[in-house]
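Let's take a walk through this model together, one part at a time. Keep the sequence and the 3D view side by side as you read.

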Amino acid sequence: MADIVYRNGILFDGSGGAPLISDVAVTGDRITAIGPGLATDEGTTEIDCRGLWLMPGLLDIHTHLDLEVELSPELPEVVRHGTTTVVMGNCSIGVIYGHQRRDGEDPIVDCFARVENMPKTVLGRVADTCTWTDSAGYLDHLESLPLGPNVVPLIPHSMLRIEVMGLNQSVGRRPTRQELSRMERLLDLGMSQGYAGFSTDALPFHFLANAPNKKKKIPTQYAGFKELSRLTSVVRRYGRVWQATPSKDNIPAVVRSFLLTSGRLYGRPLKTTVLAALDLRTNRSAVSLCLLLSAILNSRLLGGVFRFQALSSSFRIWSDGAINPIADEIPELRALNELELADRQGRARILNDPAWIEAFRKMWVKGKKGWSLARLMRRLRLEDVVLTRRLEDMVVAECPLPHWAGETLAAPCRRLRTAQASKGRRGPANDAEAAFFAGFPDPIQDDADFLLHLLREWDTDLRWETTIANRDEATVRKLLFHDQTLPGFNDSGAHLANIAFYDGNLRTLKMAQREGLQRVSLAVHRLTGLPAEFFGIKAGRVRVGAQADLCVVDPVALQKWNPESTYHFIDRRQFGCRQVVNRPQGVVRNVMIAGRMAWADDRYAPEFGQHAYGRVVRAKDHARECDPV
């Protein structure tokens, strides 16, 4: 008889079909029966799911949890949101070949610190644990951890290049013929070991973090088309996935590289998933171009298998002074980011340098005044940068004047202008603000002057937030359910203090809920069975014989939940730093991983984090994935 039976749940099996009222029986780590009125005996635990949604554990297909899994392998923020399977090793960076410390190089710290906004202290601790030296050793290591969810590793291109060429050489020259052949052999070895795919990156604001390479991008970006073509041909031969990001500033190169997905041109399609279809605040055409490109690549003419990833959340980021996940796209802000976080004096020197100030002002006011092509493009929302450069979009989270919290920076800027125009008789909200305003240049020329003074005075003590994309929920909903996309790009485990999209899957379910249960069923399919099929892994379905990864969601709590109101910051003991999280209460009632209860009644199981719940998931055609389901 069954160990556990879920009773009378509204069952979404991950296929996209209509939901049914059903029981699901679990014995050991497997689903052993599905149907109404399943028999039980004295030893069976019954879980009442009346009125609740019962579904497969959710998938998170774009994460950087490679780091967190070393310090906190249970991945608690993942599991509490109903996610039971995560894909790691995205954007060309990871820890697959260990710490790779050779000749004074420290690749894990160098590659992750700026790209994923991770504190170097955390990264150093992670690198210290990475004692394996090859892709097989990494799989063995992951299998030794008390994992929370299942993990699906990819082979990251930057680390592959570093393994063959060394870090400094990988960003300094092209590989030799022998080096490129060795990259192919190592990638082929990884595919034979069951890695689900290969990741690259071309975003132009992904830079290294350590001297002498702070002005250089991560290694994958120095690969030419020939290298990319040869490596993806290995992935294509195995039928695995290529995860990529586009170079937003070189459209011809983007089209050429993404044509690699074509089955017509290359004999067999290459499954390709790309970041990201976002409704940018600064460029309204970007999302339409993404969908058009995807449709062309997937057409009968080209025969590709290509999907942009879509984010279910508003793209809300927090910034410490000028430091945030997208600051490196702008050279003036990049100069500040090249310094260590604690180097306030270094940033002060830059902020007071006349040449830098002139360049910053030119950048900040571009398209804001006068008549010019830049002004027209800004008014049409067709700019070529992601940062909005609007004080009205910058909401204060923390600063030395507490009453600013919750205001946009435009509000105190207006009060300052009023104070200066009235010689201090009007404007300041209180004496502390009046004293602070007295230190500003009088008069300030514009909002660039205002922001520069704040950065000089407060540096990273000014913490602000802004939404750079996905402000319109109707557009986000269209993207999430578009046939050219996959829900993803949660970036879980990255940007610890800057973003928190662990709740992305739940947001998708919430949007679908407004349109009825059939839409919810489609959403569940797009969060479970569809990505599992795309990545070629055994997950994402509720069916007899499948691993018992299950999630129970309370639709009433989901409907009441306001995702924008549940952000907060916590101190993560394992990291030794602060992290932004989003934790809905009561929405996810129960999470089972491989037949073991990991989360119930808003708490983790006593043994969670002590013993393995999840496992390393390989491509389903690998010998280790030998069960018949």
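This is a predicted model: local features need pLDDT of at least 70, side-chain atom pairs count only at pLDDT 80 or more; totals for chains, interfaces and linings use all residues.

**A hairpin to begin with**

Strands β2 and β3 make a hairpin with two residues between them, and G28 in the turn has a positive phi of about 65 degrees. Strand names, like helix names, come from DSSP runs (H or I of at least four residues for helices, E of at least two for strands), numbered from the N terminus. β2 covers residues 20-27 and β3 residues 30-35; the two run antiparallel and are joined by five bridges. Two strands count as paired if DSSP finds at least two bridges between them.

Residues are numbered from 1 along each chain as its sequence is written, and side-chain values use heavy atoms, with hydrogens and water left out.

**The two parallel sheets**

Turn now to an open sheet of three strands, ordered β6-β7-β8 and paired in parallel. The edges are held by β6 (58-60) and β8 (150-153), each with a single partner strand, so one side of each has no neighbour in the sheet. From one strand to the next the twist averages 20 degrees. Angles here run from 0 to 180 degrees between N-to-C directions, with axes taken as lines fitted to C-alpha atoms, for helices over the stretch in contact. Strand β7 (residues 83-88) pairs with β8 in the parallel sense over four bridges, and M88 stands opposite P153 in β8. Helix α5 packs on this sheet, touching β7 and β8, and its direction makes about 170 degrees with that of β8. Contact, here and below, means heavy atoms within 4.5 Å.

Helix α5 spans residues 135-144 and includes G137. Is G137 buried or exposed? With a relative accessible area of 19%, G137 is buried; the cut-offs are under 20% for buried, over 50% for exposed and partly exposed in between, using a 1.4 Å probe and protein chains only. G137 and G98 are 39 residues apart along the chain, and their C-alpha atoms are separated by 8.6 Å.

The other open sheet has six strands in the order β9-β10-β11-β12-β13-β17, again with parallel pairing. At its edges stand β9 (155-156) and β17 (485-487), each with a single partner strand, so one side of each is left without a neighbour. Helix α9 (residues 225-238) packs on this sheet and touches β10 (197-199) and β11 (241-244), its direction making about 140 degrees with that of β11. Over by β17, strand β13 (residues 305-310) pairs with it in the parallel sense through three bridges, and A310 stands opposite P487.

**Helices against helices**

Two packed helices are described by the angle between their axes and the distance between the axes. For α8 (residues 177-192) and α9, the angle is about 20 degrees and the axes are 10 Å apart. The two helices are therefore roughly parallel, the word used for angles under 35 degrees. Residues of α8 at this contact include L180, M183, L187 and M191, and those of α9 include L231, V234, V235 and Y238. By class, the contact has eight nonpolar, two polar and five charged residues.

How many residues of helix α3 (residues 107-115) are buried? Nine of its nine are, among them the charged-class D110 and R114. These buried residues pack against α4 (120-129), α6 (157-165), α7 (167-170) and α13 (331-337). With α4, the axes come within 9 Å and cross at roughly 145 degrees. I108, V109, F112 and A113 of α3 meet K120, L123, G124 and A127 of α4.

**A last stop**

Finally, find I357 in helix α15 (residues 354-365). I357 counts as buried, at 19% relative accessibility. Leaving aside residues up to four places away in sequence, I357 touches L351, N352, L452 and R456. I357 and A448 lie 91 residues apart in sequence, and 9.5 Å apart in space from C-alpha to C-alpha.

Methods. Angles under 35 degrees count as roughly parallel, over 145 as roughly antiparallel, 65 to 115 as roughly perpendicular and the rest as oblique.
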